[in-house]
Amino acid sequence: MDEILILGKEFKSKIDSADSTIKIEQIKSEAFGKKGKISELFKKVPTLQGDERKNFALSVNNLKDNINNLIISKLNQFEQKEINKKLSSDKVDITLPGRPISFGKIHPITQVIDEVTAIFGEIGFSVAEGPDVENEYNNFTALNTPPHHPARDMHDTFYLDENKETLLRTHTSPVQIRTMLSSKPPFKIIAPGRTYRCDSDQTHTPMFHQVEGLHIDKNINMGHLKGVLDYFIKKFFEVDKIKMRFRPSHFPFTEPSAEVDIGYELKDGRVVIGEGNKWLEILGCGMVHPNVLKNCKINTSIYQGYAFGIGIDRLAMLKYGINDLRSFFETDVRWLEHFGFDPLDIPSNYRGYSR
Amino acid sequence: MKITYSWLKDHLTTNAKIDEITSTLNNIGLEVESIGEENKNSSFLVAKIIKAEKHPNADKLKLCTVDLGSGKKSNVVCGASNARDGLLTVYAGPGAVIPKKQLKIKVTNIRGVDSYGMLCSASELSVANESDGIIELDKNKFKIGENYFTSNIEPAIDIAITPNRGDCLAVRGIARDLSAAGKGKLSPLKEVKLKHVLKNPFKIFIEKNSGCFAFSHCYIEGVKNVESPKWLKEKLLSIGLKPISAIVDATNYIMIDLNRPLHAYDSDKIKKNIIIRSSKKNEKFHALDQNTYLLNDEACLITNENEILGLGGVIGGDSSSVSMSTKNILLESALFDPIRISKIAKKLGINSEAKFRFERGVDFNDMVYGLKLSAEIIQKLCGGKVSNIVAEGQKSFIEKKIKFNLEKFKSIVGNSIASKEAKKILTNLGFKIKDNKDTFIITVPSWRGDIHEEVDIVEELIRIRGYDKIELINPTLVNHSQILNEKQKLVRFLQRSIANQGFMETVTYSFTNSKIDTLFVENNKNLNIINPISNDLNVLRSSIFSNLLIHLKNNINRNFEDQKIFECGPTFYGPKSGQQKSVIGAVQIGKIYKKSWLEKDKEVDIFDVKNYLLKTFIELGIQEKNLFIRQESEDYFHPGKSGKLYLNSKSGLILASFGEFNPKILKELDIKQMPIFGFEIYIDQIPLENCKIRINKSKYEVSNFQKVERDFAFIIDQKFEAEKIITTLLSINNKLIKNIRVFDVFQGGNISSDKKSIALNFVIQSLTKTLTEKEIEELSQKIVQTMKKTFDATLRS
């Protein structure tokens, strides 16, 4: 038995003093190899009898397990050391810049159209569209603006022929006509898009954007119009309270007509929409004129409703603090970078209309 | 339309304060655009030139040091020859607006010397028509430092009158609306006490279809045209009209007061027989604005036998105009066809006050009254004897009647109005009402040509009652699936997909420079805009690339060499409505990696651009195996480095084109930086049913059996395209060959010049079993054989 104890001590001290994996491997074969010292002890077992044999076998097995465990733990130590060594030599300067990140952007006009669509979509509006080139009839005459009506002078129109029959639409209102002529009431649409007027200065560009709204059904009145616009403006500007003023105005295609102002104040040079005591005109609207409905073959004794037109560029300027309308169309990459939106920012009711 | 509070009071008895008046005007649809700043006159000061020296850098300019009183001095550069030491004149400081040209004074640097303001001439101050040099003031009448303009000129209230409200182009009309809104009482019209002591010697003949409905006139003999009295001059000045002479000022006064345009002729310069007729084509007319106009056959002319005296309702003639020496006058008050006026004025480009008013409608019943009133004023100011009044043409106004039910109000507005309130509002506005319970028979007053039907009456009622009384009805939330149709969803998806690949979205004008647009699409001449805003925006764009490259170049000039920009919008292929396509265009220039320690500089190449397209279409839901590239070119692309993307087969729908821009095009555009790449997606071509991922996705099948990879390199004729090779090889056994990758393409070396080496990696896997060596070997043989048979390709050894 002493033999086993001595052997145990001998191997333990050898393992303790081993300083490399190779040495441990040597010790391992010295102990467990074919002619290893512990292997030799196992060979002795069959030569013994009874309790002696039993006790001896147990002791040799214990020795085997102990030495084995010591070897494994020593090998683990070496492995850890090796890994630590590798890790410390593998270090990089993590503060070095990585590959350049490039971001694409969505233009504010696109973003605001999506916001407007999400808001009106929730209260039952669908999106309708129409062509940029319109005929004179859809743009004016059908909208109760006959030739030589002074209201035509208020739209500086781009014409495509000398007879002034085809033109670039001066507003999105012809989409009303197209929508009503192509289907049957009720109608509940918005029509965002490009519009054109022959006007260019600090606050006007020859192209700009509008969103038209049209709601024709039974029993639709000015109260509904007020309600829808109040809802839209609160949602769009993300405020709970809004000061809104309806002022009588005139558009040939609505009667009664109104212009809508919203209250604002200037805080640190920024327009803050809400309850300030200054007024800002943001849209025109009214009850669709019976002549317009008649032009679209709609029975005015059953159906009536409202229409509105909002400047999209204006909305974008107000909400996102953009001062210069002309900058929208100049493709200055610095501007696009600054005012553009992340393509993943898709306006929706559950993730928010804007961030 | 400008008015003043005191002028308003000529027609309105009121205690309302000015801000109460302006807020009421806004509430009833007469939008107040501005209220003249009272202190604007304080920027014109009486000043004395202390010293006038020659400008160091200009012979004709002088450097004046002026005394502005209370110890203030200023330096002004002045070009007037009479600027001299000691002169008392008028100084306009920075911020002042010169009345004549509405020019705002700023501090400016004139030939190297800063000038703080301006010394003004009499005409610049609108106190004389013409003047020489700066104004010279009398030392005994003016004091240094005082305001030059006495500030008793009232602030003007500028109101934007909508085109339907011709009646409010009169001070009286505005007063009437205010009285209806409860801000005072409308005064009765002034009674005209005029003695007609002469017989009117003029004979007027109105031809049929002349464009003149009625013409009234009177003759005043022995007038002495003078400068208007102070009250009249101030009245006109207060609303920005320049006083001319008593006769002209009196007619202008009536025009503003009642919206009744009048015209005075020097009757010694015209014959007594006046014919009103249509113009003849190519007739010439010399107007009092000193322009000669070439007429068409649409104008309404006031003529003598051989001479045109005036363009009816638009502008008078020069030869018959009133001057200070005029002794006898013919005074005209007429009614012209608004459409004829609108047409001819637009054609000739004349924008007169009279035209503006006739276009928007004048009150028939004011025609004779306005004539009498003006005759009375002229007689009072200039003396003379007045003839009887003669009116030709339409004799009386045909009244319009509208049947109106109060239910209509409720139906349009949402809440109801009491009969009593409705009657009060309408009566105050001048409507006459016969009522039977809730149904009114309403007679429309002669000045309200804009009222035609029930809804017009509703507007009058709610306008005066106040839009704030409309009760808001909250919208209800609606759950509906079709906010956007499939096409609209597609467009919006594409925009964000492209942006997500690092492109900046832009929005550019739908028109562009025709010279640049023709580089992309020839024969776009018929897309010309007749009245373009400028020569470089003179045509509807037929290519999405025209503006993108113009702006790309601008950005290069801003020192941005690496750019990725795109636009989603229309291009046009014809001038008719609907001849437009919906496209996305994108352009890219420069480096993908630049001065990075990780990667070498990498310029964008054609395969980057191709990948953007593929990625976007795959994202859209079209499977990669259904996308085919054909090496073919648009003329504006490099013929060797461009292609088109097809759906389903190489003869399928063209979804997009892409390529490197042809250097010739870039040369025309004067862009020196190259290469530039672009792609265009033809949105209208994309079949919507191909984008339904849920439906188009193939069955979920994966194999858990071992997959093997095999590499082959072939020597093959140059002409064979990689895509063709791959599709051919895939078709050998598309159940086993999962994927083929090209990992090397090589030309040159020991390979003959008409051949190339192409190295392919095959992924081979069965869904049903582990393939044996034999099976793999068989497949490999087949690959080699197919390459030989189809392309005469040999394995590279």
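Analyst: Start with the residues that touch. B:Phe493, B:Leu494, B:Ser497 and B:Ile498 in α12(B) meet B:Thr616, B:Glu619 and B:Leu620 in α15(B). Contact here means C-beta atoms, placed from the backbone, within 7 Å. By class, these residues are four nonpolar, two polar and one charged. (Nonpolar: Ala, Val, Leu, Ile, Met, Phe, Trp, Tyr, Cys and Pro; charged: Asp, Glu, Lys and Arg; polar: the others, Gly among them.) An α-helix has 3.6 residues a turn, so residues three or four places apart point the same way.

The model is predicted: local features need pLDDT of at least 70 and side-chain atom pairs pLDDT 80 or more, while totals for chains, interfaces and linings use all residues. Residues are numbered from 1 along each chain as its sequence is written, with chains lettered from A and ligands numbered from 1 in the order in which they are written.

Now the geometry. Helix α12 of chain B covers residues 486–499, and helix α15 of chain B covers residues 606–620. (Helices are DSSP runs of H or I, at least four residues; strands are runs of E, at least two; both are numbered from the N terminus.) The two helices pack at about 140°, and their axes are 10 Å apart. (Axes are lines fitted to C-alpha atoms, for helices over the stretch in contact; angles run from 0 to 180 degrees between N-to-C directions.) α12(B) and α15(B) are therefore oblique to each other. (Under 35 degrees is roughly parallel, over 145 roughly antiparallel, 65 to 115 roughly perpendicular, the rest oblique.) Their crossing is right-handed. (The near helix is turned clockwise from the far one by less than a right angle; anticlockwise is left-handed.)

Helix α18 (residues 722–730) and helix α19 (residues 773–791) of chain B pack at about 130°, with axes 10 Å apart. α18(B) and α19(B) are therefore oblique too. The crossing of α18(B) and α19(B) is right-handed. B:Ile725, B:Thr728 and B:Leu729 of α18(B) make the contact with B:Ile783, B:Thr786, B:Thr790 and B:Phe791 of α19(B). This contact has four nonpolar, three polar and no charged residues.

Where do these pairs sit in the chain? The domain assignment, automatic or from a database, gives chain B five entries, among them domain 4 (486–694) and domain 5 (702–795). The centres of domain 2 and domain 4 of chain B, taken over C-alpha atoms, are 60 Å apart.

Definitions and conventions:
Contact = placed C-beta atoms within 7 Å.
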